[in-house]
Amino acid sequence: MPKIEEFDVFVIGTGTAGKKVATECVKAGWKVAIADNREFGGTCSNRGCDPKKVILGLTEIIDRAERMRGFGITKMPEFSWEDLMAFKESFVNSIPRRTEEDFKELNIKMFHQSPKFIDKNTLSVEGKTISAKKIVIATGQKPLELKIPGREYAIVSDDFLNLKSLPESMIFIGAGYIGMEFAHMAARLGVKVTMIDTSERPLNNFDKDIVAHLVTASEKIGIKFIFNAEATKIEKLRKNFRITANQNGKDISEKAELIINTAGRVPSIDELDLIKGEVSFSKKGITVDKHLQNPTNKSVYACGDVSDSEGLPLTPLSSKEALIVISNLLKTPSPIEANYPPQPSVVFTLPNIASVGLSEKEAKEKGYDYILECELVPSWFNAKRVNSEEYAYKTLVDKKTDLILGAHLIGLEASEIINMFVMAMCGKLTTKELKNMIYAYPTWGSDIKGML
């Protein structure tokens, strides 16, 4: 019988949530192990939010120059994708090494493979049998695999972030967060972009009126949308790839040099053998109770994007859930329940769209009597000075309490303005109090007074 190595806690996943749990547990004197089947450091730092934002930085310059052409800009700036990729790598390259060095310094045992459950408290990893009193799953999400012939020809977001050069044309399968963000980056850098989606519009989880403005802005930079269309196969041609889709019962086809699968992301749990560990799960991830503990295997906790909790699959929520799991593992000072404040969500297209709180539908369903403000405001100074036509807001305020119920924005700095709404909602500030405040002017944040 192979020797069984025992740990107080075994953490699966080395991203924001997993690293935080492992670090705090070892500092508390626990014997800790951690595993990841990819480079250490997780999605956000290696192949997600951070490298994406570096690329966005260049496209913001291109976008701003284009808006100001004829208003001071006489010549568009030149760019080098290769230089941009090298700059991006300066942020990414050291992440895995630094993460491993941190773990080594803390004497956390590391494994470079996805563990598999043998039973409730036993795992198999790298040919070793591991016993753990507690197991924390923080494996995040991964791209949804397309179930169509030729799916092997489609790259995913990881590959997009590592392209050696830009092709002349791209087709994105899926118009969600990732697809829309990458489509805007590519289109502004001269790529002919087509987007195919099964829905009648992009970004179904955002306000439809705000998204309509984004579609208009997207079409202005040359993005072609094909809605109500389901991709059925991908074929490799001599130079291009051809994608066939069924749109309203008819087959249509499009060609491009590159096909990108941005059809969505799913919990990264398929390699864990959860059934053997008696760990319950859903399509959204590991099922958890109010303590982020699995109901069918009390030794297991889940946090971050992989947990089927009320938290959105966003890095700040991963950190928050990690702190809850840490507290409940260490019982300091006593078990706590997950409690979620208003959670902002942003799509980093140009312009951005951002949202926090309730939608109109949700406010109606909850029975609120609310005031709705909704307006397209390209005439406001901040929009006019950067020649931006797509600046709009929709806000919902409770008539009874004068508190903000929800805010939905589109604009070049919507990702920053939304944080003003988050602070107001978390601080339970009334619109009267917000309007009585003095804001620096002219700043984007000062526009919140006009949106209420």
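Trp30 counts as partly exposed, because its relative accessibility is 22% (buried means under 20% relative accessible area, exposed over 50% and partly exposed in between, with a 1.4 Å probe and protein chains only). The model is predicted, so that local features need pLDDT of at least 70 and side-chain atom pairs count only at pLDDT 80 or more, while totals for chains, interfaces and linings use all residues. Residues are numbered from 1 along each chain as its sequence is written, and side-chain values use heavy atoms, with hydrogens and water left out.

Trp30 is located in the loop between helix H1 (16-27) and strand S2 (32-35); helices (H or I, at least four residues) and strands (E, at least two) are DSSP runs numbered from the N terminus. Beyond its neighbours within four places in sequence, Trp30 is in contact (heavy atoms within 4.5 Å) with Asp8, Val9, Cys25, Lys134, Leu329 and Leu330. A separation of 9.7 Å is found between the C-alpha atoms of Trp30 and Ile108, which are 78 residues apart along the chain.

The largest nonpolar core comprises 67 residues, and Phe160, Met170 and Phe172 are among those with the most contacts inside it. Such a core is a set of buried Ala, Val, Leu, Ile, Met, Phe, Trp, Tyr and Cys residues joined through side-chain atoms within 4.5 Å. Helix H12 (residues 414-426) gives the most to this core, contributing seven residues. A second, separate core of 46 residues includes Val9, Ile108, Ile130 and Cys303. Leaving aside neighbours within four places in sequence, the contacts of Phe160 include Trp81, Ile155, Met170 and Phe172.
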